[in-house]
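Good morning, everyone, and thank you for making the time.

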Amino acid sequence: MIAVRRIAGKLGGLLLTLFLASVLVFFSRFLVPDDPVAFLLRGRKPSPEAVAQITAQYGLDLPPWQQYLIWVAGLLQGDLGRSLQYRQDVTVVLGERLPVTLGLVVMAGTMIAVVGLIAGAIAALHRGRLADRSILIGLTVLGAIPSFVGSIVLIAVFAVQLGWFPSFGSGEGFWDTVYHLVLPSIALAIVFVVLVGKVTRSSMIDQLDREHVEVAISRGIKRGTVIRRHVFRNAVGPILTVSGMLVAGLLVASSIVEAAFGLAGIGSLLVQSVDRLDFPVVQAIVLLVVTAFVLVNAVIDVLEPWIDPRSAAGAGAR
Amino acid sequence: MIRTRRTARRLLAVAGFGVAGALVLSACSADTSSPDATAAPDWEYTAQTAAPSGDIDSFSWVSYSEPYSLDYAYAFDYADNQVLSNVCESLLRLNPDYTLSPGLAEAFEHPTPETWVYTIRDGVTFHDGTPLTAADVVASMSRHLDPQVGSSWYSVYQNVAAIEQTGDRQVTVTMNQADSQFNLAMGGSAGVVESAATLAEKGADYGNSSGLVNCTGPFELSEWQSGESVTLTRYDGYWDESLRAKAGEVEILFMTDANARVNALKSGEVDGSWMIPTDAIAQLQSSGKGDMYFGLNTAVGSLIVSNLEGPLGDERVRKALTMAMDRQGILDAAAKGYGEVTDVLTTESVWVGASDAAMKEAFDGLEEYPYDVEAAKKLIDEAGVAGEEIVIATAPISNDFAVISQGAAAAAQSIGLEATIETVSPSAYTALFSDPTAREGIDLFYTSWYLSSPDPLEMYGVLRTDEFSNYGNWSDPEFDALVNEAVAIDDPAARSEVTAQAQRIANEQLPWLPLFQGPMTLFLGDRVTGVAPSVAFLYYPWAATIGSR
């Protein structure tokens, strides 16, 4: 019962968040002083009637609230409007590019999770020793490499010099796509590994210092069992929370990596669309990222008590 | 006919990490050539690369940007036109040497100053196999007049009164006034012919990545993978045997990042590209993966004077500022020295059909503006504007925008003006070219302006009083009268003599400050050859002539 009410409450909050996000996303475009129609003209000389027609075709002549209602009504029917720059439905434009970004985020996310967890766990278990120190230094160095520098170095070394990987494009078919996305995923993962690694380390150290762990070890229970059952399982909460926040970060940071590797994903599309004042596309992508972020965090919220029963019962149950 | 922010567009993506990228790359790659930064680069014009040894199954190309649209009515930029020129054909054909020859119109007549009569070629088919008819021509041209379409090429059609089929294979265009420029523009996108049935069937999706197009060119547009590439396939039913495509397939990839583009060429993953960033030329030349070529161009880099109310309203101040700029130094820094300083707004390449007398008038004994700060200071004192402020707009588009705005600001300071650089976003910079409110408070901004018809009048038509792209509202009655007179003259030689006089006035009064002109650049990988390195690639089916090396 509690769980159901909890999920219903979460759902209500989620819908409210999405509604507020849609308002913010839509109306923020009116803060931009530039006129999309002037931009659409791209410097060419129009006939005066044509300007009026173009303005009307994209509904730009209506008052903002009316434009918002039309937009939301469209959203609910799966219609995201029409891209100004591509003269095409936004759903088509996004549909063609979403798979690339998802592939990139999933691969990078996997690398981050695997490398971050392993590095963090090793460091925690060797606290203060050489392994710990070298992992910390290594992570810090990696975290200081911006995605664009990572991209450039990876391309220069592995694509141009060694020729092991392609320097651009997203490939065709599953394995070719994976092959094409290896370097971009690494470039994207580098910065975020440090976060997961450090959170894993401190979270596990936190648990290792707990009384019940010390007690368990002193009672002669195998170290491996203690670490698996008590330390790691209890340390997962903070790691999950950080991972949830990473999702939005990955989606946004992918724009840089996508541009460097010539990938047609939504990140590079967002940057391009902002510059070209293609508001329907910008609004759709921003809303998509917000939705993904909110959803992932809601799912983590719901899952957390299953993994760590203490968080459901509240801190008092410690 | 305004092309200019295409330069903006082209270089846009370079902005992000162009500079940092170049540094890291040159450190990582085995680039042994370190050319002296001040020495002029060694280059020469090429009219045509070596003939191909034969056909090739396929080759790949890279473009700095995805086309906005492949609807000829909106194809108004390098990215759009370099693809479309291979797929769609116009009534006339603009050749690599910038001459016009018959295209889908096998002949044209000019019975009265106000009428143009086109005879439509027989035996031409669209890519879907249907034959080309006069009705297709009427439908295609009429779209430019339809406000629902909002064609980018409306200015070509602004004097058109009627477009009618007047015979089985004949189309007559009636103008409100004599306009020699209309026919000249029929070699570009304004003269493209599409199947009327396809236009009706595709509707709003015509020319986008799912609607595609159905034209008559040597290649068929077979696929457009949004954001990534377009694929062109040889059209076996193509009418002109001399331009039958040598490649079975061409893939044109889009890479907004300049480093990504250069890497793809250096690693041999892509066979060629137009418009190589000048700072990558040396790297590519030493890559061993192909050759750099330099060809005919029509673009002139200049500073547009967009406010004549301020100090630049005084002709002496415009002259002084031009003289205070070390234009050779700016060219060296902005374009690695590829090009030459110029005092006029057209290149000789667009003076097709000009008389010798016109060329003399247009280019000999021009007013020169040598780098002379002392003389410039004197002019400023005479004008009495010392201490007044000018605002120079720039955008983080590429290195040359930064170099030129800083060079102009430093020059203004050196002669006693106050100069402020206002940095705006690339899109806001684009808006400077179409939105008068965006130009408020801006005195100067840079452009690289190219012409797409073989006539210098295209440039000077823009500077008439009240023209859309006369950004500073510069006005000179004598100049207007000359340009209007020239527009009505059909004979290119006679017209060129009047245009030359207009060029002299612009050279003396500097409504825009000319800086330099540079060659069109081309990189060809070691698998392919057979193309003319000319800016005509925007309208000429350049990919059709490329074959195996």
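**Where chain B meets chain A**

Let me begin at the interface of chain B and chain A, across which the rule finds two salt bridges. Please keep in mind throughout that this is a predicted model, and that every value I quote is computed from it. As a reminder of the idea behind such pairs, side chains of opposite charge can pair when their charged atoms come close.

One salt bridge is formed by B:Glu66 with A:Arg97, where the closest N and O atoms are 3.0 Å apart. In another, the side chains of B:Asp205 and A:Arg82 meet, with an N to O distance of 3.2 Å. B:Asp205 sits in the loop between α7 (196-202) and β8 (219-225) of chain B, while A:Arg82 belongs to strand β1 (residues 82-83) of chain A, and so this pair joins two chains.

Now let us step back and look at the contact as a whole, to which chain B brings 59 residues and chain A brings 42 residues. The area buried between chain B and chain A is about 4500 Å², and carbon and sulfur atoms give 56% of that area. Across this interface, the rule also finds nine residue pairs in polar contact, both residues being at pLDDT 80 or more. On the side of chain B that touches chain A, at least two residues are supplied by each of α1 (5-12), α2 (18-28), α5 (154-157), α8 and α15 (426-431). Which of these helices gives the most? That is α2(B), with five residues. If we sort this side of chain B by class, we find 25 nonpolar, 21 polar and 13 charged residues.

**A covered helix**

I would like to stay for a moment with helix α8 of chain B, residues 258-266, which is mostly covered, with nine of its nine residues buried. Among the buried residues are B:Ala258, B:Val262 and B:Leu265, but also B:Arg261 and B:Lys266. After α8(B) comes B:Gly268, and its phi is positive, near 75°.

**Salt bridges within chain B**

Finally, let us return to salt bridges, of which the count over all chains comes to 19. Within chain B, B:Asp122 forms one with B:Arg169, their closest N and O atoms being 3.7 Å apart. This pair links distant parts of the chain, as the two residues are 47 residues apart, with B:Asp122 in the loop between β5 (115-120) and α4 (134-142) and B:Arg169 in the loop between β6 (160-167) and β7 (170-175). B:Asp122 counts as exposed at 56% relative accessibility, whereas B:Arg169, with 24%, is partly exposed.

A further salt bridge connects B:Asp236 with B:Arg234, and here the closest N and O atoms are 4.0 Å apart. B:Asp236 is exposed, having a relative accessible area of 67%, while B:Arg234 counts as partly exposed at 22%. Which residues are linked with these two in a network of salt bridges? They are B:Asp55 and B:Arg244, which join B:Arg234 and B:Asp236 in that network.

Technical notes:
Residues numbered from 1 in each chain as written. Chains lettered and ligands numbered in written order. Predicted model: local features only at pLDDT ≥ 70, side-chain atom pairs only at ≥ 80, totals over all residues. Heavy atoms only, no water. Buried < 20%, exposed > 50% of the residue type's maximum accessible area, 1.4 Å probe, protein only. Helix = DSSP H or I, 4+ residues; strand = E, 2+ residues; numbered from the N terminus. Contact = heavy atoms within 4.5 Å. Buried area = accessible area lost by both parts, 1.4 Å probe. Polar contact = N/O pair within 3.5 Å; in protein donor to acceptor, adjacent residues only side chain to side chain. Nonpolar A, V, L, I, M, F, W, Y, C, P; charged D, E, K, R; others polar.
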